[in-house]
Each structure stands twice: as structure tokens, then as C-alpha cells.
Amino acid sequence: ADIQVDWKHRNGDIEFTIVAPTSGWVALGFNDVNSIVGAELVMANVKDGEAHAKHFYVVGPGNPKPVKSLGRESIVLDVEGEIANGTISMKLLLEDEIAGRAPLTLKSGENVFLIVAYSVSPDFDHHSRIREHISVKL
């Protein structure tokens, strides 16, 4: 894949590193079934030298809603990122518990569908250029 994703567990949190050939956004989605609908989606970008990340819940095709608008807490604890030579590198520190999403967790040993995506635009409303679903054990 064009996107490289690695992770490590740390004291109840999970840190993902994502590298993709874009200066637009990258996204990680998590679901207990192989579908973008119903997925927890964390989108990240770098704008004006600053890294940003936002946690969405995908309520329908092409319809991610910020979890805060649904009365839930974001799992994003920290974000770092940079763009160099047309490649984005992001580090996302996420809580491994997702409020209101049992049985889905991001705990060590958990089997999840990991959705990886990126866009050519940093605007979170812009559609992905590439999206892949991979069954992984965290």
C-alpha cells in the first residue's frame, strides 16, 4: 500500500504512526465489521505547520459526524505531524477505549478492521483518493 501504518501500545493508550504520499489528510478508521459505515474515524492533517486531528463517527456513506456533535468524547489525546517532499508523517496518540463502542476497543490483541485512507486535500470534507480495509490484530 501507499500508506504505512505502525502502532505501539503505551499504558492504556495506543500510538499510531502514519506515512502517506500526500500533503492532504490521512485517516485511520476502526470497526468491528468490515464497513466504513459505523466506523470510528480519526482524520489528521498539517495546516500552516500545525498538526490537527479530529475523531468522527461515520453515520452513513460519505457522512462522518464529529463525535462531540453526537455527545461523545474524542479518543485523540495528542497529534504530531509534518509534511516534507510531498509526504505526510503523522503520529496519533489515541485512547484504547472508545466510549459507547463496546465491544470495539483498541486494546492489545484486539482484532479490528483498520481502515486507512488519504486525500490530496488537507480539507476534511474532501473525499479520499485511496481507502483500504485491513483486518489486523492490534
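**Exercise 1. Find which residues lie nearest the centre of the largest pocket, and describe its lining.**

*Solution.* Start with the centre: of the 19 residues that line the largest pocket, Trp25, Leu41, Gly62, Pro64 and His127 lie nearest to it. A pocket here is an open set of points on a 1 Å grid over the protein atoms alone, where a 1.4 Å probe fits, with protein on both sides within 12 Å along at least five of seven lines; lining residues have an atom within 4 Å of a point. Next, sort the lining: 12 residues are nonpolar, 5 polar and 2 charged, with Gly counted as polar and Pro as nonpolar. Finally, look at the strands (DSSP runs of E, at least two residues, numbered from the N terminus): E4 (40-47), E5, E6 and E9 (111-118) each give the lining at least two residues.

A word on the source: this is a predicted model, where local features need pLDDT of at least 70 and side-chain atom pairs pLDDT 80 or more, while totals for chains, interfaces and linings use all residues. Numbering runs from 1 along each chain as its sequence is written, and side-chain values use heavy atoms, without hydrogens and water.

**Exercise 2. Work out how E5 and E6 are joined.**

*Solution.* First, E5 (residues 50-60) and E6 (residues 63-66) pair in the antiparallel sense over 4 bridges; pairing takes at least two DSSP bridges. Val58 stands opposite Pro64 of E6. Then inspect the turn: the hairpin has 2 residues between its strands, and Gly62 there has a positive phi of about 65°.

**Exercise 3. Explain why E1 and E7 each have a side without a neighbour in the sheet.**

*Solution.* The open, antiparallel sheet of 4 strands runs in the order E1-E2-E8-E7. E1 (4-10) and E7 (76-84) stand at the edges with a single partner strand each, so one side of each lacks a neighbour.
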